Amino acid sequence: MRRGLFVILCLIAAVVVAAPAWAQGEFKLQFKKADTDTAGVMRMARQYVPAPAMPASQLSGLPEGAAGNWLYVQAPLGQRKVLMAMAQADTSKLYVDTNGDGALKDEKPLEAAAKSGQQVFGPVALSVGDGKDKRTVSLSVMQPTGRSYLICSPGGYWSGTAELGGRKVSLGLVDSDWDGRIARGEFSMKAIMSRRFDGLAIDLDGDGRFSTSVRNFEVMPLPRLIQAGGVYYSLSVKPDASAVTFTKVEPKLGTLDAGTPDVEVMLFGDTGAHYLKESGGKWPLPAGDYLAGRVVLSRKDDSGATWSLTGQPGQDTGPIRVEAGKTVAMGLGGLVAAADVSKASRGNPISIGFALKSDGGIEFAPGAMKDGKRQAAPTFKILGENGAVLKADKFSYG
Ligand SMILES: [Ca+2]
Ligand SMILES: [Ca+2]
């Protein structure tokens, strides 16, 4: 897009005049109730909890006079479980153990509001911590009509606007680990999978929404650093989430070497989300730990068609540690085909799985894409000791 000289001058003037304030500082945040516009932020804290129906006679802690079948849930919210129950005959009322004493007879049931195919309860305040350190967490519960699970979500998040890299940037913080405060957690796959982190959403490209596309991922565990407009800032959040302070920093850099030039890598780190490509497969990154979200390897054949393989880390793959002034290898240059033979599955005497793995623990789906179209699954042959073909077949996508 071409801009007129006037607009360009206005932009330059704005940056020059406001530079000290725009570069860094403390920005206030306010609690905002969750609504349909806030889905990107709230997704980081949402929990799907099975709600099996059980006879009241087998359950403890129910309101007095409880009979018939009840949907009974111990929702794992952060470090604790929250007891909730509703009579199956009357799913418009939900009892929540707000004070954590294991009983529901002292609780006033929440009445449902119907909202596009779901019953919505709350938000209701839960007590967390004790003594001087008592805090509250707000909980909303949704039950998709006719489904035997509940969706638990914080009642809202902390919202604000910072001024970074010369532009206004809206942001949100969500208490994903349900402890009533905002803090940076341990950065590991395990911690992320079990929701032991607090989340940051930050509209870095200024399009008015929190994107979750591979090239522009704006929703992440609360990082130590974030890059905005080509500048790195450290983040420090008040535990009650009333304010966040950004301080301009020049991080020490190391180098990530993919091991091959034709690759795209999306990483999450304690320095935010990074989408890396080109540069010969070598990129400078702030020292820190990273987890690969997605890796795409591609090659052109003689006819000019592009073949690609998409991979992600295996469950046991640890983080990639980038150290200042050093190069760390991702080992994507060579892949090893790994067959996984296991007994009896779905009525077959044996099943044979197949994966392509890199040295660095990235596992690629064996089916390649050609110019963006998925190709047939690979074939295989099982040979006897004398080289005779005992069985020839092809894999199917799982
Ligand atoms: Ca928290
Ligand atoms: Ca955005």
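User: Quick one to start: does Ser279 count as buried or exposed, and how many C-beta neighbours are inside 10 Å?

Analyst: In this predicted model, Ser279 counts as exposed, because 11 C-beta neighbours lie inside 10 Å and the cut-off for that class is 12 or fewer. Ser279 sits in the loop between strand E24 (272-277) and strand E25 (282-286), and its phi is near 50 degrees, a positive value in a residue other than glycine.

User: Which other residue has a positive phi although it is not a glycine?

Analyst: Ser116 has a positive phi of about 30 degrees, and its place is in the loop between strand E9 (113-115) and E10. Ser116 is exposed, because 8 other C-beta atoms lie within 10 Å.

User: And where's the cis peptide bond?

Analyst: The cis peptide bond joins Gly122 and Pro123, with omega at about 5 degrees; Pro123 belongs to strand E10, which covers residues 118-128.

User: Before I go on, what's the average pLDDT of the chain?

Analyst: The average pLDDT over the chain is 84, and 91% of the residues score at least 70. Over residues 1-22, however, the pLDDT is below 50, and that stretch has 6 contacts in the model beyond near neighbours in sequence.

User: How is the chain divided into domains?

Analyst: The division gives domain 1 (22-40 + 156-249), domain 2 (47-154) and domain 3 (251-342 + 354-376). Taken over C-alpha atoms, the centres of domain 1 and domain 3 are separated by 26 Å.

User: How many residues of domain 1 and domain 3 are in contact?

Analyst: On the domain 1 side there are 14 residues in contact with 13 residues of domain 3. Strand E19 (residues 225-228) gives the most to that side of domain 1, with 3 residues, and by class the side of domain 1 that touches domain 3 has 10 nonpolar, 2 polar and 2 charged residues.

User: Changing topic, what's the strand order in the open sheet?

Analyst: The open sheet is formed by 5 strands in the order E2-E13-E14-E15-E18, with antiparallel pairing. Strand E2 (30-33) and strand E18 (219-221) are the edge strands, each pairing on one side only, and neighbouring strands of this sheet are turned against each other by 30 degrees on average, with direction ignored.

User: How many bridges do E13 and E14 share?

Analyst: Strand E13 (residues 156-164) and strand E14 (residues 167-174) pair in the antiparallel sense over 7 bridges, and Gly160 stands opposite Leu171 in E14.

User: What does Ala53 touch?

Analyst: Leaving out residues up to four places away in sequence, Ala53 touches Asn69, Trp70, Leu71, Gln88 and Ser148. Ala53 is found in strand E4 (residues 53-55), and the C-alpha atoms of Ala53 and Gly68, which are 15 residues apart along the chain, are separated by 9.6 Å.

User: Now E27: which strands does it pair with?

Analyst: Strand E26 (residues 288-300) is joined to strand E27 (residues 306-313) by 6 bridges, and the two run antiparallel. E27 is also joined by 2 bridges to strand E33 (residues 369-370), again antiparallel, and it pairs in the antiparallel sense with strand E32 (residues 362-364) over 3 bridges.

User: Which residues are the bridge partners of Ser308?

Analyst: Ser308 in E27 is the bridge partner of Ser298, and its partner in E33 is Met369.

User: What about the turn in the E26 and E27 hairpin?

Analyst: The hairpin of E26 and E27 has 5 residues between the strands, and Gly304 in the turn has a positive phi of about 95 degrees.

User: Last one, how many residues of E36 are buried?

Analyst: The count of buried residues among the 6 residues of strand E36 (residues 389-394) is 0, and the strand is hardly covered. Strand E35 (residues 379-383) pairs with E36 in the antiparallel sense over 5 bridges, with Leu383 standing opposite Val389. E35 and E36 form a hairpin with 5 residues between them, and Gly387 in the turn has a positive phi of about 90 degrees.

Note on methods: Residues numbered from 1 in each chain as written. Chains lettered and ligands numbered in written order. Predicted model: local features only at pLDDT ≥ 70, side-chain atom pairs only at ≥ 80, totals over all residues. pLDDT = per-residue confidence, 0-100. Contact = placed C-beta atoms within 7 Å. Domains from an automatic or database assignment. Helix = DSSP H or I, 4+ residues; strand = E, 2+ residues; numbered from the N terminus. Nonpolar A, V, L, I, M, F, W, Y, C, P; charged D, E, K, R; others polar. Pairing = 2+ DSSP bridges. Axes fitted to C-alpha atoms, helices over the stretch in contact; angles between N-to-C directions. Buried ≥ 20, exposed ≤ 12 C-beta atoms within 10 Å, placed from the backbone.
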